[in-house]
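Here is a friendly walk through one protein model, meant to be read with the structure open beside you. Please take a look at it before reading on.

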Amino acid sequence: PLLDPKLFRHRLFRSSIIGGSVFRIGVGALPFLLPLMLQLGFGLNPFQSGAITFVSAIGAIMSKFIAQRIFSRFGFPRVLGFAAAFGGVLIAVQGLFDTGTPVPVMMAILLVGGVLRSVFFTGSNALGYADISDEEASQATALVAVGQQLSVAFGVAVAGAILELTSIFSDGHLTLLNFQIAFFAVGTLSALAA
């Protein structure tokens, strides 16, 4: 079969899929929550919102230059645990953003968060294939791809559900508080991957 559940007998592969999926829930919620909060909660236009949020992609690119050295120096378990815990915290911290938060502060948090998320995914993906044989690699890749897509979609669904549920208390209108609650929830969920 294309998706062979027997691959979950491999401890590192199983840990990588489960930990990566939990972390991706919060990461999947970010591209949905943050631009929406900046536009609906802060009153920014889409260009202004994008001009702030693009820095997390720069952080992800920057991490590719340092990831190997970080894993070599500190080891996979420590780096993965740190990146998951503090990556989740930085997702939750975005719930503290308000209209008075300076844009450079927001961008700095997004930049560091992008670095941590990318380091986590780089390590998690590499570790996941450590105990997979060459014969099982194609099936493992299919399972990883499905797990990634499902967890990202689940992140958007969780964030949307939180916004919908909390909007009941604000007469069906989304306020900054609704987004803050959503960020705290998905950030905490992502940190559980540690």
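## About the model

This is a predicted model, in which local features need pLDDT of at least 70 and side-chain atom pairs count only at pLDDT 80 or more, while totals for chains, interfaces and linings use all residues. Residues are numbered from 1 along each chain as its sequence is written, and side-chain values use heavy atoms, with hydrogens and water left out.

## Helices α1 and α5

Let's start with α1 (residues 11-41) and α5 (residues 103-128), whose axes come within 10 Å and cross at roughly 155 degrees. That makes the two helices roughly antiparallel (the term applies to angles over 145 degrees). Axes here are lines fitted to C-alpha atoms over the stretch in contact, with angles from 0 to 180 degrees between N-to-C directions. Helices are DSSP runs of H or I with at least four residues, numbered from the N terminus.

Contact means heavy atoms within 4.5 Å. On the α1 side, the residues making it include F13, F23, R24 and L34, and on the α5 side they include L110, F120, F121 and N125. By type, the residues of this contact divide into twelve nonpolar, six polar and two charged (Asp, Glu, Lys and Arg count as charged; Ala, Val, Leu, Ile, Met, Phe, Trp, Tyr, Cys and Pro as nonpolar; the others, Gly among them, as polar).

## The nonpolar cores

The largest nonpolar core has 39 residues, and L33, M37 and F120 have the most contacts inside it. Such a core is a set of buried Ala, Val, Leu, Ile, Met, Phe, Trp, Tyr and Cys residues joined through side-chain atoms within 4.5 Å. Among the elements giving two or more residues to this core are α3 (55-74), α4 (76-93) and α6 (137-167); α1 gives the most, with nine.

Beyond its neighbours within four places in sequence, M37 is in contact with F42, Q94, F97, L176, F179 and F183. Another core, of seven residues, lies apart, with I132, A140, L143 and V144 among them.

Leaving aside neighbours within four places in sequence, R24 is in contact with F121, N125, Q148, S151 and V152.

D171, in the loop between α6 and α7, is exposed, with a relative accessible area of 70%. Most residues other than glycine have a negative phi. D171 is not a glycine, yet has a positive phi of about 55 degrees.

Note on methods: Angles under 35 degrees count as roughly parallel, over 145 as roughly antiparallel, 65 to 115 as roughly perpendicular and the rest as oblique. Buried means under 20% relative accessible area, exposed over 50%, partly exposed in between (1.4 Å probe, protein chains only).
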